[in-house]
Amino acid sequence: MARPAREYEAFISYSHAADNDLAAALQRTLNRIARPPYKWREWWPPRVFRDQTNLAAAADLGGEIRGALMGSSSFVLLASPPAAQSHWVNEEVTTWCANKPRDRLFIALTEGSLAWDDGRSDFDPAQTDALPPALYGIFDAEPLWVDLTGVTVVGTATRDPRFLDGAATLAAAIRGTEKYELTGEDARQHRRTRRLVGSGIGLLALLTLLATIAAIYAVIQRGHADHRAKLATSRQFAAEAIAKLDVDPAQSLVLAARATTIAETGEAINSLRQALRASRLRSQIAAGARVFDVEGGPGGRLIAAALGNGSVRIWNGRTRKVVATLRLSHRHALQSVSFSRDGRRLLGAGRYGGATVWSTTGGRVSRLASLVRSRAAAGALSPDGSLAATADSDGFVHLWHSGTGRRDGPPLALPDGTFTVQDVAFDSSGSQLIAATGKLVTVWNLRTHKRTVRRPREGFVWSVAVSPDGHHVAAGFEDNNARIWDLRTGETVALSGHDGAVMHVAFNPDGSLLATASQDETAGIWNVRNGKMLAQLRGDTGNVESASFASNGATVLTGSDDGTVRFWSVAADPVLAAVRSSPPHVSSDRKALLSVAFDPNGKHLLTAGKDGTARVWDIRSGTLLRTMQSGRASGDWVEIARFDASGRYVLAGGDDGKLRIWKLSTAAPPTTLGGPQGGPLHDAAFSPDGRLVAAGGQMGTVRVWRWRRRESVRTLGGPGAVVDGVAFSPDGRLIAAARGRTVRMWRSDDGTAVAVLPTPHRLTSIAFDPTGELLAAGDASGAVSIWDVDTQQLLTRFTGHTQLVSGIAFNADGRYLATVGEDGLAKVWTVPGGELVTSVRTRAPRLEATAFAPSARSFAVAGWDGRATIFACSECRSPAQLVCLAARRLSREVRTREEDVFRRCD
């Protein structure tokens, strides 16, 4: 059934580009005048047609417009030059003139000009530019038109009197009535209706306002209650996270992340940073069954585990995705796995599943040989992968050709009274084989077939390992101890610290460390030389059956009865790189480094110290790129070295009172400033534009040079307390100095004093933040103060070092501050709150300088051991990023279980 055509009182034709807003206002006004507000039932649908409000989506757009034209009793043209050029406007006029009375066509001029020529009885085309071609020659007499030129529309309405008058004229013509009758009646009825409606609306508005206020108050109160509840819950989880730190680091991470997700309170963020900092746990894999042994292949490409479900599972070492699952037994556990040194062969062994060798060449796993007559409690591959040794439950050690599965000679003879062999291991050369034989440790020389027996007193031996150099043997015992023998001297070192049997032992690649796995649900990292435990790795919820080092020596892998493979950082602090500045032959009292700095690209490191030189290093390779001799006398220290903002120049200064500036791209002699009469220099800095250099020291003044001209510009301050820190503000307008117990600031252009900021202790270091809004200074008491530069107000003061703060540095975005002290600690703090982010220690008994890398989350420290060390600041992240860092250290199963906490981290 066809839809009946609409009827309209008027059709508005116009140019969209020129008169869209005016046409909309005219439509609304004509509708209102034609159907006043008090006739509310006739407000809709509108009786005046305009395509953008009345035209529905249709396949035949022209047909819809033609239907509207045919259903309209009047035609209103908004005349303008753009309308005169519009194809659609001309078509609408043509259609109207061909089918409708021409005296019902009315014109409103919005732009341009209209000129009627009485002689021609037509519009004069020479003076008219606002009419479409179809209107010429149509009228016998001048038609009705109104002038709306210059009328503006603001918002959805216009109050321009000319517009209202013109609209009323058109409305009267459309309705065939006098204009005064139309507007007078409309005004009278409108006033009456407005009074009645206004009273009702006022009452409704008052009631609505009261209800809205009540609702808003309720929402605010509920929001406050919800916020307080979130804060309380967040703080509760944060406290639980701290309590779990030493017991279950993985659960501590989950709790701290949940606390931070609920509400980013200081307690929550601090607990998360503490959980990340305190635990050496780096990631986990859920193996799906008890893990009896785990080993990483060379380069960390593959990780293999012997599981309690009778299979060997292999993962990609980078992605942690399963590569293969190899089954030896459907019912019985596998006890051990072993890679060859090149990672091309893998041995899996179990008491009831036998032993099998697989090829892992090219990333594909295929079976090479089955040692079918073996009932191995443990197995090992020789370093070159050619031999397999099995410690069998029949009380023998057997050797096999790993490629064929054939025996390699008769079983190795065991000491009298030996009934069980629990573990077996090759040395790094493949010439010695060590076995745990009951309460003995037996060593065979495979070349001479000579056997050596060690008879420890600790009890039953569960595991054995040989150091990479073949000089030491380690064993784990059922009485909770481990022991290391020197095969050359017979000397032993006892390792005591576990509360359960030591089930597995393994040396790191250089033989300096030993990892142990224990039935007390922990693993340990030990110093081989003195037998001290360096770290106890907590977090497993079952007996730890295996502990081994990854091939890079930086990670310990553990396997546990809880079905998890865990990855632990060997180092307590994440070291990215280190350089030893002084050559080994330099005496210990000359090795100390006093300054460290990054170049603007973060690729080079600059060090300087007591040996009188400054050095530039390539960070990635550790290569020494340039050595610059600064001090002339044997006792002259270089106390400060800095790059300029371009990284092309280096300045260095120290005890001889001189500043030297080198251009790194040439071997030319340095530019030299100052002299011994100024006394030793303790700090110096380039201005941000590189034109000026400022330095201060023993004399208590700050000297400023235009260094390219070798021109001394001015001297700031007078003789007095020593200047231990100098810094330019990032915009170069200010120079600040740590002088005695005050911070002093001057304008760099004319030397005018700007501020004197007092402190209770002698200041030792100073730095502006990257915005120039904050100034930080360290002092001799171990405290750090931070000021607002504009207001000169002290924002915070915090203490984190037990001795003098010798160096400070802001990171690139100014959110973190690194400090080092004579207590040997390096710390990172939030700015300006002064909350501890991380704390690290080097071998140096005393640290002297620190610097943040320009764009990375890392910072360098230097001190009296002659090393510059670059640490990662993993905790220098936003709360959301810290949550995702925690997620990466947890197993996929834990992340899935805690999806509401970690859903944004995928």
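A residue is termed buried when its relative accessible area is under 20%, exposed when over 50% and partly exposed in between, using a 1.4 Å probe and protein chains only. By that criterion Thr564, with a relative accessible area of 10%, is buried. The model is predicted, and local features therefore need pLDDT of at least 70 and side-chain atom pairs pLDDT 80 or more, whereas totals for chains, interfaces and linings use all residues. Residues are numbered from 1 along each chain as its sequence is written, and side-chain values use heavy atoms, with hydrogens and water left out.

**Surroundings of Thr564**

- Thr564 belongs to strand β34 (residues 564-569); strands (E, at least two residues) and helices (H or I, at least four) are DSSP runs numbered from the N terminus.
- Leaving aside residues up to four places away in sequence, Thr564 touches Gln284, Ile285, Val291, Thr558 and Gly559, where contact means heavy atoms within 4.5 Å.
- Between Thr564 and Ile619, which are 55 residues apart along the chain, the C-alpha separation is 36 Å.

**Open sheet β24 to β27**

- Four strands form an open sheet in the order β24-β25-β26-β27, with antiparallel pairing; two strands pair if DSSP finds at least two bridges between them.
- Strands β24 (461-466) and β27 (492-496) stand at the edges with a single partner strand each, so one side of each is left without a neighbour in the sheet.
- From one strand to the next the twist averages 20°, with axes taken as lines fitted to C-alpha atoms (for helices, over the stretch in contact) and angles running from 0 to 180 degrees between N-to-C directions.
- Five bridges connect β25 (residues 472-477) and β26 (residues 481-486) in the antiparallel sense.
- Ala475 stands opposite Arg483 in β26.

- Strand β56 (residues 805-810) is mostly covered, six of its six residues being buried.
- β56 runs antiparallel to β57 (residues 816-821), to which five bridges join it.
- Ala809 has Ala818 in β57 as its bridge partner.
- Five residues lie between the two strands of this hairpin, in which Gly814 adopts a positive phi near 75°.

**Aromatic pairs**

- The structure holds 13 aromatic pairs; rings of Phe, Tyr and Trp (its six-membered ring) pair if their centres lie within 6.5 Å, and planes under 30 degrees apart count as stacked, over 60 as edge-to-face and the rest as tilted.
- Phe75 and Trp96 form a tilted pair, 5.5 Å centre to centre with 40° between the planes.
- This pair links distant parts of the chain, with Phe75 in strand β3 (residues 75-79) and Trp96 in helix α5 (residues 87-99), 21 residues apart.
- Both Phe75 and Trp96 are buried.
- The ring centres of Phe123 and Phe139 are 6.3 Å apart and the planes lie at 80°, so this pair is edge-to-face.
- Phe123 lies in strand β6 (residues 122-123) and Phe139 in the loop between β6 and β7 (145-147), 16 residues apart, so that pair also links distant parts of the chain.
- Phe123 counts as buried at 0% relative accessibility, as does Phe139 at 8%.
- One aromatic cluster is formed by Tyr8, Phe11, Phe49, Phe75 and Trp96.

**Charges over rings**

- The charged end of Arg320 sits over the ring of Phe567, 3.9 Å from its centre; the criterion is NZ of Lys or CZ of Arg within 6 Å of the ring centre and within 35 degrees of the ring normal.
- Lys610 lies over the face of Trp864, at 4.1 Å from the ring centre.
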